[in-house]
Amino acid sequence: MATRPQPGFLTRMWGRKTLAQVQRETQTSQLKRTLGSWNLLLLGIGCIIGAGIFVRTGNAAALHAGPAVLLSFVVAGIVCAFAGLCYAELSSTLPVSGSAYTYSYTTLGEFAAWIMGALLLLEYGLAASVVAVGWSGYVVSLLKDFGIVIPPQLTGPAGYPLLKDGVQVVIDGVPVFTQFNLPAFLICTVLSILLVVGVSESAKVNNAIVAIKVAVIVAFIVICGATVLMDLPARIAANWTPFIPPAEPGEGHFGVGGILRAASIVFFAYIGFEAVSTAGQEAKNPKKDMPFGIIGSLVVCTVLYMLVAAVLTLMVNYKSLNVPDPVAVAVDSMGPQWAWFAGIIKAGAIVGLTSVVLVLMYGQTRIFYTMARDGLLPRVFSAVHPKFQTPWINTLTVGLLVAVAAGFFDINILGDLTSVGTLAAFAIVCLTVIWLRITAPDLPRGFKVPLGPLLPILGIGSCLYLITAIEAKVLWFFAYYSVGAVLVYFAYGIHFSRLQQDKDEMDAPDMGEFPGPVHPH
């Protein structure tokens, strides 16, 4: 029997899944078009509001933008709007569950899909580490209110100076450094074990957690905002003068450059808006409902974020906000008579952040699961536990990676890497829209990005620009990571790809089912 010649190397790299393959892979999901504009708007708000506002706002204000971090939210929101419209077109065009990995596989080819998978590890996996560090900050603060003090050396990244009121702590003439973030490590470990056992969020529980997160944000704005208004002129003079601090030497230290640098940081607060695009197959009228849901949720959340940032920077000076729990710092400044309110805010933040860590880790395991079924990762990552029916090796691996990152690394570096990965992923999504317009112009589209290729091009350009605003050492690490990802593809993925072996998902041996898509927020 004659052996069929192997396709060329480049041909294999750019091999694509066909729409027929994707349709077969998703044919078990018969989605009904039941979601209207307001359903999608509320879905977007619930998914966007999460870790970013509780964790990264303080870092952005303290290190880069000062009170002008309000403007950084506007810049980040506009960039997300460009990418969001592109997600909306893809979700209404390709019959998939909203996976950027699958979008890339179907349009740009296998190599692009592999790169997207590597970027999603930063968007989901490292984002979970960032949230876990923020969770640790709020837990440490809340426990301290009850007289329970965790040794400070066990509440921060390895090798960083232990600070008190901005000054390094010195004991017996020896400077003290943090060694390990124990609470962050523990929460990641516990949640990974729960995911192995099979814990998932029901709709009712998820809705309750979303309600708690939104309630905490609104309560902070209303109550803390009222205290600010009572003494507004003095607070503006003390904390908002100047509104845009003058530029200082260094990369993005205040001034206009600082606002743009801070935009790349608070961009983290918008991760999750793409959840609206994943509902494209369930929208009653995609052409009308999708842009309303995406743009509307981004506008509402931008306004809420700006209000939180305004209250935050008026309550305490921005220089004191380089902490993982900036909202806790602000409510603590209200004095002991407000201890009950501070406790409620911290507890609400902890509940919301716990949910976010769980969902981000869950989402990362799903990405690995899909890649393993495609043959791009070892099949062990799609192996399902015989009792719990969950991808247990995959989940424990993700849990270990997330826990180690949260335990040993600084929140600012982790957050910046998350932003770089997400911005790069969004740029590829925008490119995918342009590519599909050229290669498949007659493909039915429930929604089309307005103004032809202009908005996708602006999306690519704005994402790449925000990437350049991130400090050089993070970009070098990202470059090494990207090179490593490419080498792994050539060493493993291209040789074991099921697509290269003419095997699609429907031909793969059934190793169990992994539940449907989840959203980061």
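Select Cys463 to begin: at 0% relative accessibility, this residue counts as buried, where buried means under 20% relative accessible area, exposed over 50% and partly exposed in between, with a 1.4 Å probe and protein chains only. The model is predicted, so local features need pLDDT of at least 70 and side-chain atom pairs count only at pLDDT 80 or more, whereas totals for chains, interfaces and linings use all residues. Residues are numbered from 1 along each chain as its sequence is written, and side-chain values use heavy atoms, with hydrogens and water left out.

**Stop 1**

Cys80 counts as buried because its relative accessibility is 0%. Cys463 is likewise in no disulfide; its nearest cysteine sulfur belongs to Cys430, 5.4 Å away. The count of disulfides (pairs of cysteine sulfur atoms within 2.5 Å) comes to 0.

**Stop 2: the whole chain**

Zoom out and colour by secondary structure. The protein chain has 19 helices and 6 strands; these are DSSP runs numbered from the N terminus, with helices (H or I) of at least four residues and strands (E) of at least two. Of the 521 residues in the chain, 55% are buried. The chain exposes about 21,500 Å², with carbon and sulfur atoms supplying 70% of it; accessible areas come from the Shrake-Rupley method with a 1.4 Å probe, and for residues only the protein chains shown count as cover. Among contacts (heavy atoms within 4.5 Å) with a separation of 6 or more, 82% are between residues 24 or more positions apart.

**Stop 3: the salt bridges**

The structure holds 6 salt bridges, each a side-chain nitrogen of Lys or Arg within 4 Å of a carboxyl oxygen of Asp or Glu.

Select Asp416 together with Arg56. These two form a salt bridge whose closest N and O atoms are 3.6 Å apart. The pair links distant parts of the chain, since Asp416 is in helix α17 (residues 411-439) and Arg56 in helix α4 (residues 51-65), 360 residues apart. Asp416 counts as buried at 2% relative accessibility, and Arg56 counts as buried at 1%.

Arg261 lies in helix α11 (residues 255-266), 155 residues from Asp416. Both Asp416 and Arg261 are buried. Through shared partners, salt bridges join Arg56, Arg261 and Asp416 into one network.

Now move to Glu89 and Arg445, a salt bridge with its closest N and O atoms 3.1 Å apart. Glu89 lies in helix α5 (residues 69-93) and Arg445 in the loop between α17 and α18 (454-468), so the pair ties together parts that are 356 residues apart in sequence. Glu89 is buried, with a relative accessible area of 2%; Arg445 also counts as buried, at 11% relative accessibility.

**Stop 4: Tyr87 and the aromatic residues**

Remain in helix α5 and select Tyr87. Is Tyr87 buried or exposed? Tyr87 is buried, with a relative accessible area of 2%. Not counting residues up to four places away in sequence, Tyr87 touches Ala100, Tyr103, Phe273, Glu274, Ser277, Phe426 and Val429. One of these, Phe273, is 186 residues from Tyr87 in sequence and 9.7 Å away in space, C-alpha to C-alpha.

Rings of Phe, Tyr and Trp (its six-membered ring) pair if their centres lie within 6.5 Å; planes under 30 degrees apart count as stacked, over 60 as edge-to-face and the rest as tilted. By this rule the count comes to 23 aromatic pairs. Trp114 and Tyr489 are both buried.

**Stop 5: confidence**

Finally, colour by pLDDT, the predictor's confidence in each residue, from 0 to 100. The mean pLDDT of the chain is 82, and 85% of its residues reach 70 or more. Select residues 1-5, where pLDDT stays under 50 and the model has 1 contact beyond four places in sequence. Then select residues 27-31, where pLDDT also stays under 50 and there are 3 such contacts. Where pLDDT is low, the predicted coordinates should not be read in detail.
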